[in-house]
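Dear colleague,

I am handing over the structure below, together with some notes on what was found in it. Please read the notes with the coordinates open beside you.

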Amino acid sequence: MDISELYKIFKQHPTVTTDSRDCPEGSVFFALKGASFNGNAFAGKALDAGCAYAVVDERRYADPADGRYILVDDCLKALQQLANMHRRSLGTRIVGITGTNGKTTTKELLAAVLGERYNVLYTQGNFNNDIGVPKTLLRLTAEHEIAVVEMGASHPGDIKTLVDIVEPDCGLITNVGRAHLQGFGSFEGVVRTKGELYDYLRAHGGTVFVNSGDRWLMGMSEGLNLVKYGEEGAPGACVTGRVTVCDPYLNFVWSTDAGDRREVRTHVIGSYNMMNMLAAACVGLHFGVTPEEIDHALSSYVPRNNRSELEVTAHNRLIIDAYNANPTSMNAALTAFRDIKADKKMAILGDMGELGAVSAEEHQRVADMLKGLGLDEVWLVGTEFGRTDCPFRKFDSVEDVKAAIADGRPEGYCILIKGSNSMKLFQLPEFL
């Protein structure tokens with residue numbers, strides 16, 4: 001079946017699923033494949049569970065006598081092409097976001113700011129890959145006035161694949177840093193891949209929102225229609241800001257190029273989040289959201305999903321940033337933690353994943369940074385940190401940390417918890 005015919009079916013059944021355990025009545029099941037599973041084998045189960053149709057790409061799984069099976073050449077490509085056709089059909093304005101760090105938080109902030117004035121569709125959770133992005137686009141309806149779509153990457157070409165599906169009208173790269181180096185091969189590979197968003201917008205006359213103080217992004221932005229934001233005093237920026245307090249919550253002042261000066265008290269931790277806030281303000285102003293509405297959105301936003309969260313327990317004050325970690329975000333988190341005032345400070349840090357050949361060097365760099373921070377206690381978790389030369393207490397796994405807490409829980413500390421999601425440090429707060 002070609003995509004135009006499949007789209008006709010989708011318009012009658014506008015819910016898609018890729019999980020045979022989650023089959024809303026009347027939905028369309030796409031039989032995707034993974035390293036250890038073949039969705040085609042579950043197509044019949046999906047139909048029995050309530051799906052109206054099952055899209056498969058292996059003929060032996062498509063019963064020719066059952067019209068509910070739809071045979072295509074490649075289920076993933078069909079899903080992506082269907083999403084692109086739907087996006088084109090609706091013509092919704094789309095803001096595309098990528099970056100090494102902060103893209104999910106910025107996406108959430110952007111959705112909050114634009115939501116003050118518009119009906120906004122935005123990426124849920126971390127559905128930012130070649131499967132999650134099409135599924136996000138297929139949630140678009142005619143009622144949505146604007147969409148914010150997050151795009152992630154771990155290999156060269158990933159962003160190009162996604163922008164060709166999304167076709168954003170404008171976009172934002174939060175930053176470029178040292179992450180997923182095993183997949184990208186080098187920092188330059190990160191820059192080139194993230195820059196594929198700029199390449200698309202340059203070729204299609206789109207608008208780019210850019211931190212004017214980021215030399216890498218500015219160096220990549222030649223030939224683009226730029227709307228700038230940045231630190232207070234940044235020339236040519238429509239939005240500028242300055243941190244006033246960060247202990248632990250971020251407070252900052254921001255100004256428009258028209259001279260309007262505002263102050264925002266947030267519920268996020270870390271001075272590095274000011275740029276994410278300014279990016280959201282910049283995009284908001286571009287789309288006609290008022291400064292007052294922007295203030296309300298930014299001050300009301302509460303982070304979730306283990307991203308810069310503050311949790312006060314009966315024993316400690318926890319700064320939980322355990323969703324992900326790479327050298328750039330680790331440096332930013334530790335720098336911000338250094339500036340927080342507390343009688344006793346402790347860091348529990350887990351390995352940073354997917355760094356390839358530079359993993360040992362980058363973990364040692366973090367250990368060396370920790371030596372100069374003057375923290376009262378440091379626990380390092382994982383095999384990569386285990387190989388570092390440092391005086392800190394080391395653990396093989398999160399289970400070992402739990403055992404140590406059970407043996408003698410730290411009390412009265414401000415504790416930073418940060419590591420790659422695979423380290424499962426998000427399990428620790430209930431024990432601290």
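How many residues does the largest nonpolar core have, and which of them have the most contacts inside it? In this model, which is predicted, that core has 56 residues, and those with the most contacts inside it are Leu6, Phe30, Val55, Leu137, Val149, Met151 and Tyr198. Taking Val149 as an example, and leaving aside residues up to four places away in sequence, its contacts are Ile94, Val95, Gly96, Ile97, Thr123, Val133, Thr136, Leu137 and Val166. Another core, of 39 residues, lies apart from the largest one, and Val95, Ala279, Ala280 and Cys282 are among its members.

Two helices also deserve a look. The axes of H1 (residues 3–12) and H3 (residues 75–90) come within 10 Å and cross at roughly 70°, so the two helices are roughly perpendicular to each other, and their crossing is right-handed. On the H1 side the contact is made by Ile3, Ser4, Leu6, Tyr7 and Phe10, while H3 contributes Ala78, Gln81, Leu82, Met85, His86 and Ser89. Of these contact residues, 7 are nonpolar, 4 are polar and none is charged.

Finally, there is Leu278, which lies in helix H11 (residues 273–286) and counts as buried because its relative accessibility is 0%. Again not counting residues up to four places away in sequence, Leu278 touches Tyr229, Gly230, Val239, Thr240, Gly241, Phe252 and Trp254. Leu278 and Leu298 are 20 residues apart in sequence, and their C-alpha atoms are 9.6 Å apart in space.

With best wishes

Terms used: Residues are numbered from 1 along each chain as its sequence is written. This is a predicted model: local features need pLDDT of at least 70, side-chain atom pairs count only at pLDDT 80 or more; totals for chains, interfaces and linings use all residues. Side-chain values use heavy atoms; hydrogens and water are left out. Axes are lines fitted to C-alpha atoms, for helices over the stretch in contact, and angles run from 0 to 180 degrees between N-to-C directions. Helices (H or I, at least four residues) and strands (E, at least two) are DSSP runs, numbered from the N terminus. Angles under 35 degrees count as roughly parallel, over 145 as roughly antiparallel, 65 to 115 as roughly perpendicular and the rest as oblique. A crossing is left-handed if the near helix is turned anticlockwise from the far one by less than a right angle, and right-handed if clockwise. Contact means heavy atoms within 4.5 Å. Ala, Val, Leu, Ile, Met, Phe, Trp, Tyr, Cys and Pro count as nonpolar, Asp, Glu, Lys and Arg as charged, and the others, Gly among them, as polar. A nonpolar core is a set of buried Ala, Val, Leu, Ile, Met, Phe, Trp, Tyr and Cys residues joined through side-chain atoms within 4.5 Å. Buried means under 20% relative accessible area, exposed over 50%, partly exposed in between (1.4 Å probe, protein chains only).
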